[in-house]
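Please keep the sequence and the structure in view while reading.

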Amino acid sequence: MSDSKSNKTLAPADRSAKIRSAKHRLYSYPLPTLWLRIFKTAVIVLQGIISGCSVVSCIMSVVSSNSDEVKKALQSDVIDTVLPLFNVYNIVMAVLLAAVVVLCVVTYRKMAELTAESYRWLKLFIIFTSCINAVSTAAGELFRYFIFINTEYKVDVSNILFAAFAVVLMVFWMILNLRYFKKRKDLFAD
């Protein structure tokens, strides 16, 4: 019985020691670590908040796309072909974005320790969120284009260009961050 109590008190003390060690390594590291600190405290937190809001937006899109007002504004062939795909897309994106929220929480917690496991979580975070952000923005713009192309709403080729720009931007973001953190991989030590 006393062993289980000592194990429970040992784990938080061990985590505290890891966090203190990580802070010491972070501030005594020879390369600049400002972006790492910003990334941990701002980017991960903002990504979690934005993804959480996007989950709500996806759910609201499914609900509102099935309203009579939206169906009146759309052509019947769009309602029959594109709208069901749009609803499936929103449901899938809601699930993926909910996974991003969980990933943000786990990554934020792991980044405090700066261990090898933290580095793996960080890489997963960068790759997964970049892909989800690129796909959600690009697909959202493409759906908007195909749903509203022959309606009174203004859409044009700029929607497709914005979708392509979003993909290029997220690939660029992912590569730059992976390179930055790879150069500082030795900072993540057990």
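## Salt bridges

Arg 15 and Glu 113 form a salt bridge, with 2.5 Å between the closest N and O atoms. A salt bridge here is a side-chain nitrogen of Lys or Arg within 4 Å of a carboxyl oxygen of Asp or Glu. Because Arg 15 lies in helix 1 and Glu 113 in the loop between helix 4 and helix 5, the pair ties together parts that are 98 residues apart in sequence. Arg 15 and Glu 113 are both buried, where buried means under 20% relative accessible area, exposed over 50%, and partly exposed in between (1.4 Å probe, protein chains only).

The whole structure holds two salt bridges, listed here.

| Pair | Closest N and O atoms |
|---|---|
| Arg 15 and Glu 113 | 2.5 Å |
| Lys 110 and Glu 117 | 3.3 Å |

In the pair of Lys 110 and Glu 117, Lys 110 is partly exposed at 21% relative accessibility, and Glu 117 is partly exposed at 32%.

## Basis of the values

The model is predicted: local features need pLDDT of at least 70 and side-chain atom pairs count only at pLDDT 80 or more, while totals for chains, interfaces and linings use all residues. Residues are numbered from 1 along each chain as its sequence is written, and side-chain values use heavy atoms, with hydrogens and water left out.

## Fold

The protein has six helices and zero strands; helices (H or I, at least four residues) and strands (E, at least two) are DSSP runs, numbered from the N terminus. Of the 190 residues, 37% are buried. Among contacts (heavy atoms within 4.5 Å) between residues at least 6 apart in sequence, 78% join residues at least 24 apart.

Leu 46, in helix 2, is partly exposed at 48% relative accessibility. The C-alpha atoms of Leu 46 and Cys 104 are 9.1 Å apart, although 58 residues separate the two along the chain.

## Nonpolar core

In soluble globular proteins, nonpolar side chains tend to be buried together. A nonpolar core is defined as a set of buried Ala, Val, Leu, Ile, Met, Phe, Trp, Tyr and Cys residues joined through side-chain atoms within 4.5 Å. The largest such core has 32 residues, and Leu 36, Phe 39, Leu 114, Phe 181 and Phe 188 have the most contacts inside it. At least two core residues come from each of helix 1 (2-28), helix 2 (34-65), helix 4 (76-111), helix 5 (116-148) and helix 6 (157-183). Helix 4 gives the most, with ten residues.

Beyond its neighbours within four places in sequence, Phe 181 is in contact with Trp 35, Leu 36, Phe 39, Tyr 119, Leu 122, Ile 126 and Phe 188. Leu 114 lies in the loop between helix 4 and helix 5 and is buried, with a relative accessible area of 2%. Leu 114 is not a glycine, yet its phi is positive, at about 50 degrees.

## Second largest pocket

On a 1 Å grid over the protein atoms alone, a pocket is an open set of points where a 1.4 Å probe fits, with protein on both sides within 12 Å along at least five of seven lines; lining residues have an atom within 4 Å of a point. The lining of the second largest pocket includes Lys 23, Leu 36, Arg 37, Lys 40, Thr 41 and Leu 114. Helix 1 gives the most to this lining, with five residues.
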